[in-house]
Amino acid sequence: MAGRYQSILETIGNTPLIRLDSVSLEVGAEVFAKIESFNPGLSTKDRAALFMVERAEDEGLLKPGGVVVEASSGNTGMSLAMICAVKGYQCVIAIPSKSSKEKVDQLRALGARVIVCPANVSKDDPRSYYEVARRIAGNTDNAVHLNQYQNQSNPFAHYATTGKEIYEQTEGKLTHFVATAGTGGTLSGTARYLKEKNQNIRTIGVDAEGSILKSYHETGEIDRDELKPYLLEGVGKSYIPGSMHMEYVDHFVQAGDRASARRAKRLARREAIFAGYSSGAAIEGVYQIADQLKKSDVVVTLLPDHGSKYMSKIYNQDWLRENRLAGKKYKPYYQTLLPTTIDRVKLRRLKKWIYLRS
Ligand SMILES: Cc1ncc(COP(=O)(O)O)c(C=O)c1O
């Protein structure tokens with residue numbers, strides 16, 4: 001019967017594609033968003049997580065009562081926690097400290113064990129979330145480390161589902177696909193399907209300012225000087241994951257913390273689509289290719305997760321102020337230390353008074 005399911009996992013995928021009126025008007029092309037927060041774990045990572053778990057089961061790596069261990073900025077973790085709850089596995093997630101509190105709370109709500117690790121350490125540092133997940137899996141009986149950064153079921157999930165859905169939802173008319181990249185699973189898996197259908201579809205990756213994905217795509221080399229800390233979650237990398245297949249990506253752009261936050265907030269107000277921080281980066285990516293677009297072009301951008309995961313971040317004015325990301329009305333902290341015009345008038349009068357009395 002339509003709309004009736006045996007488990008929550010059957011509702012993964014088949015997310016809606018929605019036209020963005022204001023963005024279409026401003027960039028001068030038809031722009032649609034694939035709203036991945038319609039997945040039950042509120043993100044696109046449900047797709048990859050389900051494919052990775054089912055392959056581990058098929059290969060006999062994951063047995064009843066087993067333990068799933070993963071390093072995740074939060075969304076893959078939430079998808080795995082949900083899948084483990086349904087299938088009866090234990091779930092352990094190592095998460096970087098920059099991930100939002102909401103993501104940590106959601107993981108715990110779904111029964112996962114969460115280990116918060118320092119964010120700005122190198123991947124090989126024993127304290128990094130990658131290394132912590134690897135160590136725990138190695139030291140735990142009946143545990144499997146899914147490793148989304150190398151696992152080919154991650155891009156394959158998007159090849160088999162996301163790409164096909166987008167192609168069918170646009171009746172094959174899309175001309176551009178724009179998506180953020182972290183592991184690269186969403187971008188390169190979807191791009192591979194679309195390119196196989198039509199070589200002329202332009203595929204554009206959105207990297208974070210401070211990450212090396214864009215410069216690696218352009219030069220074939222990792223420039224460590226490009227690396228700097230940034231606030232965007234789930235986007236960008238300091239190395240090239242095995243799940244990122246650059247050959248299916250035509251071009252990369254980079255989105256900054258401020259522009260991404262602004263785009264996400266505008267999306268909520270103008271289109272009533274309440275999406276996450278990286279969704280703002282994806283929209284920023286569309287604006288960055290606006291000069292390459294014609295009126296007849298059909299652009300699809302993928303919005304990876306839901307805004308509710310960022311209530312303490314981009315949807316919180318105090319956080320925006322603390323991180324110098326608030327809008328124009330906001331006065332930067334250093335300006336509050338400078339004397340105001342009234343202060344300067346008082347200062348001049350005081351100086352004159354001292355001068356006259358001396
Ligand atoms: C919020 C968010 N946006 C974008 C991405 C990037 O997706 P992918 O890892 O498929 O490249 C992730 C990945 O975890 C994410 O959590």
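A nonpolar core is a set of buried Ala, Val, Leu, Ile, Met, Phe, Trp, Tyr and Cys residues joined through side-chain atoms within 4.5 Å. The structure above is a predicted model.

**The cores**

The largest nonpolar core in this model holds 37 residues. Leu20, Val23, Tyr277 and Leu303 have the most contacts inside it.

Now look at Tyr277. Leave aside its neighbours within four places in sequence. Tyr277 is then in contact with Leu231, Leu232, Glu233, Asp257, Ser260 and Ala261, among others. Its contacts also include Asp305, Tyr310, Ile314, Trp319 and Leu325.

**The ligand**

How many residues surround the ligand? There are 16. The closest are Lys45, Gly182, Thr183, Thr186 and Ser278.

| Residue | Part of the residue | Distance to a ligand oxygen atom |
|---|---|---|
| Gly182 | polar backbone atom | 2.7 Å |
| Gly184 | backbone N or O atom | 2.8 Å |
| Thr186 | N or O atom in the side chain | 2.5 Å |

How much of the ligand does the protein cover? On its own, the ligand has 380 Å² of accessible area, and the protein covers 98% of that.

How values were computed: Residues are numbered from 1 along each chain as its sequence is written. This is a predicted model: local features need pLDDT of at least 70, side-chain atom pairs count only at pLDDT 80 or more; totals for chains, interfaces and linings use all residues. Side-chain values use heavy atoms; hydrogens and water are left out. Buried means under 20% relative accessible area, exposed over 50%, partly exposed in between (1.4 Å probe, protein chains only). Contact means heavy atoms within 4.5 Å. A residue is near a molecule or strand if one of its heavy atoms lies within 4 Å of it. A polar contact is a pair of N or O atoms within 3.5 Å; within protein, one must be able to donate a hydrogen and the other to accept it, and residues adjacent in sequence count only if both atoms are side-chain atoms. Accessible areas come from the Shrake-Rupley method with a 1.4 Å probe; for residues, only the protein chains shown count as cover.
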